[in-house]
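Dear colleague,

Please find the structure below, handed over for your review. A short account of the findings comes after it.

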Amino acid sequence: MPEQNNVSVKKSIIRIVLLTACILLVPLVAMQFSDEVSWSPSDFVIAGALLVGTGLVFEFVVRKIANPRRRLIFGSILVLAFLLIWADLAVGIFGLPWSGS
């Protein structure tokens, strides 16, 4: 049984990384057709780390919390935190030192 769980975890990690790569293809392709999208390599690294990290935490929450209501609450908090961090990095809504402009 632990071996099967290990395989399941590896598949989940691969799925999260592939989904992150697909999401990051959107700005990469947009940069080829428009000057409105201008990401640096560090933008891709930060966005990738944020997406993978959020995906891994979400996977952990789904695996460890059995109660569907608690899953929904923790998942919602996680999505809200992700969106707030993303928005702050993009436009600096909180004015933190690492915020965007």
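The notes that follow cover helix packing, the nonpolar core and charge pairing.

This is a predicted model, in which local features need pLDDT of at least 70 and side-chain atom pairs count only at pLDDT 80 or more, while totals for chains, interfaces and linings use all residues. Residues are numbered from 1 along each chain as its sequence is written, and side-chain values use heavy atoms, leaving out hydrogens and water.

Helix α3 spans residues 68–91, and its axis comes within 10 Å of that of α2, crossing at roughly 170° (helices are DSSP runs of H or I, at least four residues, numbered from the N terminus; axes are lines fitted to C-alpha atoms over the stretch in contact, with angles from 0 to 180 degrees between N-to-C directions). The two helices are therefore roughly antiparallel (over 145 degrees).

The largest nonpolar core has 6 residues: Leu24, Phe44, Ala47, Leu50, Leu51 and Phe82 (a set of buried Ala, Val, Leu, Ile, Met, Phe, Trp, Tyr and Cys residues joined through side-chain atoms within 4.5 Å; buried means under 20% relative accessible area, exposed over 50%, partly exposed in between, with a 1.4 Å probe and protein chains only). Helix α2 gives the most to this core, with 4 residues.

The search of the whole structure finds 1 salt bridge (a side-chain nitrogen of Lys or Arg within 4 Å of a carboxyl oxygen of Asp or Glu). Glu59 forms this salt bridge with Arg63, with the closest N and O atoms 3.0 Å apart. Glu59 is partly exposed at 21% relative accessibility, and Arg63 is partly exposed at 36%.

Yours sincerely

How values were computed
Parallel < 35°, antiparallel > 145°, perpendicular 65-115°, else oblique.
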